[in-house]
Amino acid sequence: MNSTNQEPLLRAEHLTKSYGARPVLKEAYLNIVSGEIHALLGENGSGKSTLIKLLAGQIAPDGGYAADNAPRVTVSGRSEGLPIDPKTAERLKLGFVHQDLGLVLSSTVMETLGLGRYRTQWGRINWRAQRSYTEETLRRYGLGLSPDAVVGRLSAVERAMLSIIRGIESISGEERGVLVLDEPTAYLPADAVHQVFEVLRRIKATGSSVVFVTHRLDEVKDVCDRATILRSGEVVTTMDVASATTDDLITAILGTELTNLYPSEHTSVTEPVLRATNLSGAETRDVSFVASRGEILGLTGLVGDGFEEIIGLCFGASRGEGKVEVKGTEVEQKWLRPRRAMSMGMAYIPADRATSSGLMAASAAENLTMATLRRYWRSGRMAYSEEHKDAIEAMRRVGLRPLAPDLPLSSFSGGNQQKLILAKWLLTRPHVLFLHEPTNGVDVGAKKTLFDLINRAAQDGCSVVIASSEYEDLAHLCHRVIVIKNGAVSGELTGDQLTTDAITHRCLASTATPATS
Ligand SMILES: Nc1ncnc2c1ncn2[C@@H]1O[C@H](COP(=O)(O)OP(=O)(O)OP(=O)(O)O)[C@@H](O)[C@H]1O
């Protein structure tokens with residue numbers, strides 16, 4: 001595609017935004033031509049979501065600029081000053097899928113797809129027409145949901161797909177539009193990602209365009225035509241993706257080359273710490289394994305094959321059967337609860353930060369010491385200054401940005417939230433640390449920090465168990481990887497056998513073979 005000579009379908013300019021005294025976007029801009037998939041890239045906290053929220057009218061830009069410097073967005077030649085209201089965004093054919101998906105958990109699928117565009121007859125909602133529209137739309141995207149299903153009961157994947165479908169529908173029609181997706185694939189398995197990409201390519205073929213925020217550079221290479229890169233709130237460059245290597249993209253994002261994404265040395269593994277015996281849950285059966293002191297153990301498979309459930313069973317976050325033993329203390333899984341698991345020295349970070357890992361409204365410092373608060377009780381009183389000091393020290397250790405203990409967790413970017421949540425659990429000095437997809441939504445620089453922290457925890461004697469579908473990360477980070485297929489252990493890779501290709505092959509292989517241990 002020759003994109004450079006075309007008149008932009010969307011032009012956004014003079015995008016400037018501060019939070020308090022801190023500028024987070026500085027004269028940023030975006031030019032999107034017709035029929036392209038355009039990546040918006042940058043480190044965690046570089047301002048991508050802020051830019052998107054400005055375009056959507058969710059937040060207002062800084063004021064006080066002269067008319068020719070005023071923030072504005074122009075789509076198909078129609079220009080509007082920012083902030084715009086949602087109706088104007090819709091009129092301009094701007095559709096959005098926000099990072100938090102923007103769904104109302106108590107509403108139904110039909111209400112979600114209908115909001116703002118209900119079929120009406122004589123001034124009333126025509127529910128029959130609305131239902132058949134919903135059924136037809138769900139069918140068109142291959143999403144087997146009931147129109148009456150409640151959003152809060154849907155799986156993370158179904159919610160993401162629903163939000164994406166709503167965004168696409170909002171720009172459908174005769175005129176060309178722009179669909180803006182803020183990290184839509186962070187919680188999606190590979191097959192769902194391919195489904196989404198197919199839909200994006202269909203949008204592109206109609207002459208409409210897509211702005212796509214992701215931290216996964218393989219996705220950028222796979223589906224995007226051009227990429228605009230933000231660094232500390234400023235646009236540093238726009239690149240043609242086909243002629244850029246992944247390393248070029250990384251260097252543009254970080255402003256420096258990235259050496260050694262993965263820790264160079266593995267810790268030596270010593271005595272067994274965790275023993276899981278015959279664990280069975282909703283998606284798994286008779287899973288047994290051992291994890292040792294200093295070991296980083298991966299659990300993987302295809303999403304839906306059950307590997308994600310196992311660490312929740314070990315921690316008592318899901319119900320099942322079997323036994324879990326940590327350092328000689330054994331518990332029947334059916335009696336295991338998170339509180340008991342914590343007292344046995346286990347820590348668990350689920351994949352979904354927003355709903356399961358941290359308290360978004362609480363401050364960074366409050367989140368950090370939440371699991372270790374008891375340490376600060378002195379004769380019935382809280383030693384607040386000591387708590388604060390430890391929290392700041394922990395934030396420094398993980399390189400939190402900004403180093404602002406009083407800022408609510410929701411105000412930190414995704415990667416920084418993840419660093420903070422990991423720091424919180426490391427403060428409990430766990431014997432076993434369970435991580436589910438620890439690098440979801442995390443930029444490549446923060447990924448390195450997280451890998452270093454995980455490796456350091458193992459060096460300090462922790463046994464780390466990572467449930468993830470990021471095969472390349474597992475191949476580099478883990479001592480050993482167990483592959484789960486159809487809910488059972490299908491094999492184990494270690495030493496020279498432990499490569500990305502071998503994991504992929506094992507996960508896709510149709511016949512299960514017994515584990516080697
Ligand atoms: N409501 C807020 N109050 C204060 N600071 C905020 C608020 N919202 C965002 N920020 C800050 O603005 C900066 C930019 O955040 P933004 O969410 O736009 O980054 P991002 O590039 O989308 O990051 P990520 O890739 O992690 O999603 C961050 O440092 C963030 O902490």
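# Working chat on a predicted model

Mentor: Of the 517 residues in the protein, 44% are buried. Keep in mind that this is a predicted model.

Trainee: OK. How many helices and strands are there in the protein?

Mentor: The protein has 17 helices and 24 strands. Its radius of gyration is 24 Å, close to the 24 Å that the globule rule gives for 517 residues, so the protein is as compact as a globular protein of that length.

Trainee: And what does the C-alpha trace span along its principal axes?

Mentor: About 70 × 50 × 50 Å.

Trainee: What share of the contacts with a separation of 6 or more comes from residues 24 or more positions apart?

Mentor: Such residues account for 69% of those contacts.

Trainee: Which domains is the protein divided into?

Mentor: The division gives domain 1 (1-93 + 177-259), domain 2 (103-170), domain 3 (260-345 + 430-517) and domain 4 (361-428). Taken over C-alpha atoms, the centres of domain 2 and domain 4 are separated by 39 Å.

Trainee: Let's go to the ligand. How many residues surround it, and which are the closest?

Mentor: The ligand is surrounded by 17 residues, and the closest are N44, S49, T50, S413 and G414. By class, the shell has four nonpolar, eleven polar and two charged residues.

Trainee: Which helices each supply at least two residues of that shell?

Mentor: Helix 1 (48-56) and helix 14 each do. The largest share, three residues, comes from helix 1.

Trainee: Where does the ligand's shell lie relative to the domains?

Mentor: Domain 1 and domain 4 both give residues to the shell around the ligand, so it lies between them.

Trainee: Back to helix 14. What is its reach from first C-alpha to last?

Mentor: Helix 14 covers residues 414-426, which is 13 residues, and reaches 18 Å. That is close to the 18 Å expected at 1.5 Å a residue.

Trainee: Is helix 14 mostly covered or mostly open?

Mentor: Mostly covered: 13 of its 13 residues are buried.

Trainee: Now helix 5. How many residues has it, and what is its reach?

Mentor: Helix 5 has 15 residues, 156-170, and reaches 21 Å from its first C-alpha to its last. The expected value at 1.5 Å a residue is 21 Å, so to speak no surprise there.

Trainee: Which residues of helix 5 are buried?

Mentor: They are A160, M161, L162, S163, I164, I165, R166, G167, I168 and S170.

Trainee: And what covers them?

Mentor: The cover includes helix 2 (86-91), strand 6 (94-97), helix 3 (109-114) and helix 4 (127-140). Strand 9 (178-182) and helix 6 (190-205) are also included.

Trainee: Change of topic: the backbone. Which residues does the cis peptide bond with omega of about 5° join?

Mentor: That bond joins L82 and P83. P83 lies in the loop between strand 5 (78-81) and helix 2.

Trainee: What about the peptide bond from R401 to P402, cis or trans?

Mentor: Cis, with omega near -5°. P402 has its place in the loop between helix 13 (384-397) and helix 14.

Trainee: Why pick those out?

Mentor: Because most peptide bonds are trans. Likewise, most residues other than glycine have a negative phi.

Trainee: So what is the phi of S232?

Mentor: Phi of S232 is near 45°, a positive value in a residue other than glycine. S232 sits in the loop between strand 11 (226-231) and strand 12 (234-240).

Trainee: Is S232 buried, partly exposed or exposed?

Mentor: S232 is partly exposed, because 15 other C-beta atoms lie within 10 Å.

Trainee: And S379, where is that?

Mentor: S379 is in the loop between strand 19 (377-378) and strand 20 (381-382). S379 has a positive phi of about 45° although it is not a glycine. It counts as exposed because it has 5 C-beta neighbours inside 10 Å.

Trainee: One more spot: where is D218, and is it buried or exposed?

Mentor: D218 is in helix 7 (residues 217-223). With 10 C-beta neighbours inside 10 Å, D218 counts as exposed. D218 and E257 are 39 residues apart along the chain, and their C-alpha atoms are separated by 17 Å.

Trainee: And G495, where is its place?

Mentor: In the loop between strand 24 (488-494) and helix 17 (500-508). G495 is exposed, with 7 other C-beta atoms within 10 Å.

Key. Residues are numbered from 1 along each chain as its sequence is written. This is a predicted model: local features need pLDDT of at least 70, side-chain atom pairs count only at pLDDT 80 or more; totals for chains, interfaces and linings use all residues. Helices (H or I, at least four residues) and strands (E, at least two) are DSSP runs, numbered from the N terminus. A residue is buried if 20 or more other C-beta atoms lie within 10 Å of its own, exposed if 12 or fewer, and partly exposed in between; C-beta atoms are placed from the backbone. A residue is near a molecule or strand if its C-beta atom, placed from the backbone, lies within 6 Å of it. Ala, Val, Leu, Ile, Met, Phe, Trp, Tyr, Cys and Pro count as nonpolar, Asp, Glu, Lys and Arg as charged, and the others, Gly among them, as polar. Domain bounds come from an automatic or database domain assignment. Two residues are in contact if their C-beta atoms, placed from the backbone, lie within 7 Å. The radius of gyration is taken over C-alpha atoms; the globule rule is 2.2 Å times the number of residues to the power 0.38.
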